[in-house]
Amino acid sequence: MANRLLVVDLDGTMMTSDFYRKPIQEACVLIMRTLGDLSPTLNEIKKRHNKLDRSMIYQKDPDTGCLYYYTKKRFPMSLVKIYDVLCVEVGVEPSMKVRNKLLKIGKTAFDQSRYIRKIKPEAFPFAKFHKENGDTLVILTKGDSRVQNDKKRALKKAGLLKYFDDFIVVTDSKYKYFKL
């Protein structure tokens, strides 16, 4: 028997990590339609959004006074913020209706029903093989505990979690160990 300790990351290893791709695409298209001829290209909006979203990790949320870190609130808000920035640049008043649509689009990244479909097919034979060979399996993941625990429930529902001995979420209080 192997009797090894295997610690695996959740996002990108056990699950695909493209949760944001579809909402970003949809949000960028909405922004382009809203701004019309004044809009930057799709790729330019995506690039600028990515930069803005990453910078928000270490910015304070004005509602809570706490840093955004990797919370559920940061991603939808970054879609609204890039829209606001682009509106200012082209001299257009941001629409509250569009801002609300962008928030709604951003929240779809955290739709629990999507998580089960994001489990990689190779995760099952990997986990089963190592468990049957006496290995200790642990999932170690970083992020908003609400999001990660929703993913944990998806793993349990799919029957994958039974192969793991522990599921550890590193919260934002430990951000300094994971700073980009």
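Angles under 35 degrees count as roughly parallel, over 145 as roughly antiparallel, 65 to 115 as roughly perpendicular and the rest as oblique. The model shown in these views is predicted.

**View 1. Overall fold of the predicted model.** The protein has seven helices and three strands. Read from the N terminus, the elements follow the order β-α-α-α-α-α-α-β-α-β. Along the principal axes, the C-alpha atoms fill a box of roughly 65 × 30 × 25 Å.

View 2. The angle between α1 and helix α2 (residues 42-56) is about 120 degrees. Their axes lie 10 Å apart. An angle of 65 to 115 degrees would count as roughly perpendicular and one over 145 as roughly antiparallel; α1 and α2 are therefore oblique to each other. The crossing of α1 past α2 is right-handed. On the α1 side, Ile24, Gln25, Cys28, Ile31 and Met32 make the contact. They meet Leu42, Ile45, Lys46 and His49 of α2. Sorted by class, this contact of α1 with α2 holds six nonpolar, two polar and one charged residues.

View 3. Helix α1 spans residues 21-35, and helix α3 spans residues 74-90. They pack at about 25 degrees, and 11 Å separates their axes. The cut-off for roughly parallel is an angle under 35 degrees, and α1 and α3 are therefore roughly parallel to each other. Their crossing is right-handed. From α1, the contact uses Pro23, Ile24, Ala27, Ile31, Thr34 and Leu35. From α3, it uses Phe75, Leu79, Ile82, Tyr83, Leu86, Cys87 and Val90. The class count for α1 with α3 is twelve nonpolar, one polar and no charged residues. Ile24 and Ile31 of α1 take part here, and Ile24 and Ile31 also meet α2.

**View 4. Helix α3 against helix α4.** Helix α4 covers residues 96-107. It packs with α3 at an angle of about 145 degrees, with the two axes 8 Å apart. α3 passes α4 in a right-handed crossing. The α3 residues in contact are Phe75, Pro76, Met77, Leu79, Val80, Tyr83 and Asp84. Those of α4 are Val98, Arg99, Leu102, Leu103, Gly106 and Lys107. By class, the contact of α3 with α4 counts nine nonpolar, one polar and three charged residues. Phe75, Leu79 and Tyr83 of α3 contact α4; Phe75, Leu79 and Tyr83 also contact α1.

**View 5. A three-stranded parallel sheet.** The sheet is open, with its strands in the order β1-β2-β3 and parallel pairing. The edge strands are β1 (5-9) and β3 (166-170). Each has a single partner strand, so one side of each is left without a neighbour in the sheet. From one strand to the next, the twist averages 25 degrees. Strand β2 covers residues 136-142. Five bridges join β2 to β1 in the parallel sense. Asp9 is placed opposite Leu140 of β2.

**View 6. Helices α6 and α7 across the sheet strands.** Helix α6 (residues 123-132) lies across β1 and β2. Its direction is at about 140 degrees to β2. Helix α7 (residues 145-158) lies across β2 and β3. The angle of α7 to β3 is about 160 degrees.

**View 7. The aromatic pair Phe19 and Tyr115.** The structure contains three aromatic pairs. In one of them, the ring centres of Phe19 and Tyr115 are 5.4 Å apart. Their planes stand at 85 degrees, so the pair is edge-to-face. Phe19 sits in the loop between β1 and α1. Tyr115 belongs to helix α5 (residues 112-115).

Terms used: Residues are numbered from 1 along each chain as its sequence is written. This is a predicted model: local features need pLDDT of at least 70, side-chain atom pairs count only at pLDDT 80 or more; totals for chains, interfaces and linings use all residues. Side-chain values use heavy atoms; hydrogens and water are left out. Axes are lines fitted to C-alpha atoms, for helices over the stretch in contact, and angles run from 0 to 180 degrees between N-to-C directions. Helices (H or I, at least four residues) and strands (E, at least two) are DSSP runs, numbered from the N terminus. A crossing is left-handed if the near helix is turned anticlockwise from the far one by less than a right angle, and right-handed if clockwise. Contact means heavy atoms within 4.5 Å. Ala, Val, Leu, Ile, Met, Phe, Trp, Tyr, Cys and Pro count as nonpolar, Asp, Glu, Lys and Arg as charged, and the others, Gly among them, as polar. Two strands pair if DSSP finds at least two bridges between them. Rings of Phe, Tyr and Trp (its six-membered ring) pair if their centres lie within 6.5 Å; planes under 30 degrees apart count as stacked, over 60 as edge-to-face and the rest as tilted.
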